[in-house]
Amino acid sequence: MPDTASLDGAAILAARNLAKTVGLDHDTLTILDDVSFELPPASTLAIVGASGSGKSTLLGLLAGLDTPSRGEVTLAGRALSTLDEDGRAGLRAEAVGFVFQSFQLLPALSALDNVALPLELVGRGDARREAAALLERVGLGPRLRHRPRELSGGEQQRVALARAFVTRPKLLFADEPTGNLDTQTGERIIDLLFALNAESGTTLVLVTHDERLAARCGRRLRLGGGRVIAREGV
């Protein structure tokens, strides 16, 4: 489905009046306030804004890693407020992939084992074959047995991309995916991210301060002071 898809059908991800506040000694700090949008399947959204604007907080709420003070998130047709912590974890395992700035690979495992792990956790007998095929797709066929410390930053992020896509998630959340990479390596990773996204039909939601990266997404949500200050396509 193209990124210009309408919202006539069910949204793959929806936020309704999301807010996040934290209590201080004698005050309340508002981190996020009144954020609403919908995304159709196979779309791409960039959440942009300066440091401290609430981008990563919003991503955590959308993925069910944190709970809002007010409002609702619906992910893959499920209202997160109706699920307990185990239920949210189960939904993430079923429908969500993640790519982080810090890669978050398991250091004791090889590239192959890192990518196969999500499939092995759900009992897939073909986990290692699928993982090897995807690592080959991202150009790491000769590096299957290497551990993260034996790989460059760009290679580690390619392993992380393969791990994120190996379960064929409905949604992929990426938090500053090129933040720890040099410009040239970062551009190659982004090319690969969008190529894998197009091949899989996954909905991509990424947090970035990089305007060039944001411009490659079909939709953009700009935050400032925890509020939506501009939007394109959402």
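Predicted model: local features only at pLDDT ≥ 70, side-chain atom pairs only at ≥ 80, totals over all residues.
**Charges**
I started with where the charges sit. The mean positions of the 27 positive and 29 negative charges in the protein chain lie 4 Å apart. I counted Lys and Arg as positive and Asp and Glu as negative, leaving out His and the chain ends. Each charge was placed at NZ of Lys, CZ of Arg, CG of Asp or CD of Glu.

**Ground rules**
Residues are numbered from 1 along each chain as its sequence is written, and side-chain values use heavy atoms, without hydrogens and water.

**Whole chain**
I found 7 helices and 10 strands in the protein chain; these are DSSP runs numbered from the N terminus (helices: H or I, at least four residues; strands: E, at least two). The radius of gyration is 18 Å, close to the 17 Å of the globule rule for 234 residues, so the chain is as compact as a globular protein of that length. That radius is taken over C-alpha atoms, and the rule is 2.2 Å times the number of residues to the power 0.38. Along the principal axes, the C-alpha trace spans about 55 × 45 × 40 Å.

I then looked at burial: 47% of the 234 residues are buried (under 20% relative accessible area; exposed is over 50%, partly exposed in between, with a 1.4 Å probe and protein chains only). Of the contacts (heavy atoms within 4.5 Å) with a separation of 6 or more, 68% join residues 24 or more positions apart.

**Helix H2**
Next I went to H2, residues 85–95, where Arg88, Leu91, Arg92 and Ala95 are buried. Seen down the axis, they fall within an arc of 100°, so they line one face of the helix; the arc is that of the directions from the helix axis to the C-beta atoms. Asp86 and Glu94 are exposed on the other side of H2. What do the buried residues of H2 pack against? I see strands S4 (70–75), S5 (78–79), S6 (96–100) and S7 (171–175).

**Helix H4**
In H4, residues 127–137, I listed Ala127, Ala131, Leu134 and Leu135 as buried. Their arc down the axis of H4 is also within 100°, so they line one face. Arg129 and Glu136 are exposed on the other side. Here the packing partners are helices H3 (111–121), H5 (153–165) and H6 (183–200). After H4 I noted glycine 139, with a positive phi near 85°.
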